[in-house]
Amino acid sequence: MGAVMLSAALVLEDGRVFRGAAFGAQGRTRGEAVFCTGMTGYQETLTDPSYHGQIVVQTAPQIGNTGWNDEDDESSKIWVNGYVVRDPARTPSNWRSKRSLDEELVRQGIVGIAEVDTRSLTRHLRELGAMRAGVFSGDALGTVDDMVAEVLASPKMEGADLAGQVTTPKPYVISPSGDVRFRVVALDLGIKSNTPRQMVKRGIEVHVLPSTSTLDELLAVEPDGVFLSNGPGDPATTTHATELTKQVLGREIPLFGICFGNQVLGRALGLDTYKMRYGHRGINIPVIDVATKSVAITAQNHGFALEGEPGQRFESPFGAAQVSHYCANDGAVEGLRAFDVPAFSVQYHPEAAAGPHDAAPLFDDFVSLMEKKA
């Protein structure tokens, strides 16, 4: 951990500077600064494609205690643009650990900063909103004016079309070990490894297709259902995925969306999206089901949301639909259900690899939808 003694700076677009120590790779990186409230699951967070373009601030003070293993990655690599922690573990301790978090950040070229007052930083982002930022360490450290200018020259998250940068370049299939009950096309907008794993457990053969796939390519799989995955960026840029979703809805193929997929379904049903002040990122966010009034504690990661009110019913081009779930903290839309076509979605993550697992039965709901159609 000798490299941790080198100085580093986190610079926000409003000119606020947080000084700390270099952590991970040295150099410079820019992205949108956001905070994640998860007390565990840092490896899953770092490898979640939905964090592409973002500098993630961990609110939990101690990070890296269990090191880095080769089993918990949610994708093929770390996707965050930068990483901000308060107190990195000096010596990781876990029977599955293969190397330290610091080593893995260096190996993958992820520029980070440690020894930052993450509580003060989180309060700043909560009050003023997620904003562009940069992490600078080693030779990349410059004057505050120069570093702020670099940050202001970086692209904003509004209008960022990022799903195409994280999608699979070619289709692949994940099959259950036993009998195949259903075949599902998963449109990869930034899918996490645990999602197909949850489907395979239920006897679903998952065909993961690139985000640019056409309706003909989707229909060629002869799917019993279609899944819209999570992913990064501004949902207003997803013209192709939204049009494809409309075509699927028109054919009444059972459809399930998670996170970014919830926003894509919402746009296909005629709702607008907006950028939240600081978003929902963590594994402790309460969601209320309008129909049952039950509360699920959920994992979430999104900076955009659908327009709408809890329980609101609305007419779409595909018949009646409803805002089926909402966040207990701020009333944000957390799910949709269509009544005249077989489609539903949630803004949160029922596959939550680091937990919680309150919402895992939603995959059973998807199976039920396909059974009814069959």
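## Contacts across the chain

Let's start with who meets whom in this predicted model. Take the contacts in the protein chain between residues at least 6 apart in sequence: 73% of them join residues at least 24 apart.

## Overall build

The protein chain has ten helices and 20 strands. Its C-alpha trace spans about 60 × 40 × 40 Å along the principal axes. For 374 residues, a compact globule would have a radius of gyration near 21 Å, and the chain's own 21 Å agrees with that.

Buried residues account for 59% of the 374. The accessible surface comes to about 15100 Å², and carbon and sulfur atoms hold 47% of it.

In soluble globular proteins, nonpolar side chains tend to be buried together. Here the largest nonpolar core has 32 residues, and Leu249, Leu269 and Leu336 touch the most other members. Several elements give two or more residues to this core, among them β11 (182-188), α8 (239-250), α9 (260-268) and β19 (333-338).

Leu249 is worth a click: leaving out residues up to four places away in sequence, Leu249 touches Leu265, Ala268, Leu269, Phe318, Val341 and Ala343. There's also a second, separate core of 24 residues, including Val200, Val208, Ile258 and Phe344.

## A look at Asn69

Where does Asn69 lie? Look in the loop between β5 (62-63) and β6 (82-84). Asn69 counts as buried because its relative accessible area is 5%, and the cut-off is under 20%.

Polar atoms of the Asn69 side chain lie 2.8 Å from the backbone nitrogen of Glu71 and 2.8 Å from the backbone nitrogen of Asp72. Beyond residues up to four places away in sequence, Asn69 touches Gln43, Arg96 and Lys98.

Definitions and conventions:
Residues numbered from 1 in each chain as written. Predicted model: local features only at pLDDT ≥ 70, side-chain atom pairs only at ≥ 80, totals over all residues. Heavy atoms only, no water. Helix = DSSP H or I, 4+ residues; strand = E, 2+ residues; numbered from the N terminus. Buried < 20%, exposed > 50% of the residue type's maximum accessible area, 1.4 Å probe, protein only. Polar contact = N/O pair within 3.5 Å; in protein donor to acceptor, adjacent residues only side chain to side chain. Contact = heavy atoms within 4.5 Å. Core = buried A, V, L, I, M, F, W, Y, C linked by side-chain atoms within 4.5 Å. Rg over C-alpha atoms; globule rule 2.2 N^0.38 Å. Areas by Shrake-Rupley, 256 points an atom, 1.4 Å probe, with all protein chains shown as cover.
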